[in-house]
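This report describes one protein structure, part by part. Please look at the sequence and the model below before reading on.

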Amino acid sequence: MVKLRLKRCGRKQRAVYRIVAIDVRSRREGRDLRKVGFYDPIKNQTYLNIPVILYFLEKGAQPTGTVQDISEKAGVFRELCPNQQTNFNSFLMKF
């Protein structure tokens, strides 16, 4: 099973995170399948490769809670189902 989760990078006390698609059995800094975004909590910057994220979500990848929150703020789930007016939590329960 594939998850979309954060992978820690950066130095001590200055963490930045890559958002990656990774196998569930891999550890946090393990080998990822694909890098799909970047998140810097200190500068509050986010970069998301939305087409790749949508591809993995359609294939059944599960986002972690933090990645889900970041994606909701960026509007990723609105692009996944533009014709439906559902809230994000009910949509994610389908996966």
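## Terms and model

Helices (H or I, at least four residues) and strands (E, at least two) are DSSP runs, numbered from the N terminus. Helix α2, for example, is where Thr66 is placed.

The model is predicted, so local features need pLDDT of at least 70, side-chain atom pairs count only at pLDDT 80 or more, and totals for chains, interfaces and linings use all residues. Residues are numbered from 1 along each chain as its sequence is written, and side-chain values use heavy atoms, with hydrogens and water left out.

## Confidence

pLDDT is the predictor's confidence in each residue, from 0 to 100. Its mean over the protein is 83, and 82% of the residues reach 70 or more. Confidence is highest in β3, with a mean of 93, and lowest in helix α4 (residues 88-92), with a mean of 57.

## The sheet

Strands of a sheet pair through backbone hydrogen bonds, either parallel or antiparallel. Here two strands count as paired if DSSP finds at least two bridges between them. Five strands make an open sheet in the order β4-β3-β2-β1-β5, and the pairing is mixed. β4 (45-48) and β5 (62-63) are the edge strands, each pairing on one side only.

β1 and β2 run antiparallel and are joined by 10 bridges; Gly10 has Ala15 in β2 as its bridge partner. Between β2 and β3 there are five bridges, again in the antiparallel sense, and Ile19 stands opposite Gly37 in β3. β3 and β4 are also antiparallel, over four bridges, and Asp40 has Gln45 in β4 as its bridge partner. These two strands, β3 and β4, form a hairpin with four residues between them, and Asn44 in the turn has a positive phi of about 60°.

## The nonpolar core

In soluble globular proteins, nonpolar side chains tend to be buried together. A nonpolar core is a set of buried Ala, Val, Leu, Ile, Met, Phe, Trp, Tyr and Cys residues joined through side-chain atoms within 4.5 Å. Buried means under 20% relative accessible area, exposed over 50%, and partly exposed in between (1.4 Å probe, protein chains only).

The largest nonpolar core has 18 residues, and those touching the most other members are Leu4, Ile19, Val36, Leu48, Ile53, Phe56 and Val76. Two or more residues come from each of β1 (2-11), β2 (14-23), β3 (34-40), α1 (50-58), α2 (65-74) and α3 (76-80). α1 gives the largest share, six residues. Which residues does Phe56 contact, leaving aside its neighbours within four places in sequence? They are Val2, Leu4, Ala21, Arg34, Val36 and Ala61, where contact means heavy atoms within 4.5 Å.

Asp23 lies in strand β2. Is Asp23 buried or exposed? Asp23 counts as buried because its relative accessibility is 19%. Its side chain makes a polar contact with the side chain of Arg25 (3.0 Å). A polar contact is a pair of N or O atoms within 3.5 Å; within protein, one must be able to donate a hydrogen and the other to accept it, and residues adjacent in sequence count only if both atoms are side-chain atoms. Leaving aside neighbours within four places in sequence, Asp23 is in contact with Met1, Arg5 and Leu33.

Thr66, in helix α2, is partly exposed because its relative accessible area is 41%. Thr66 and Arg5 are 61 residues apart in sequence, yet 7.7 Å apart in space, C-alpha to C-alpha.
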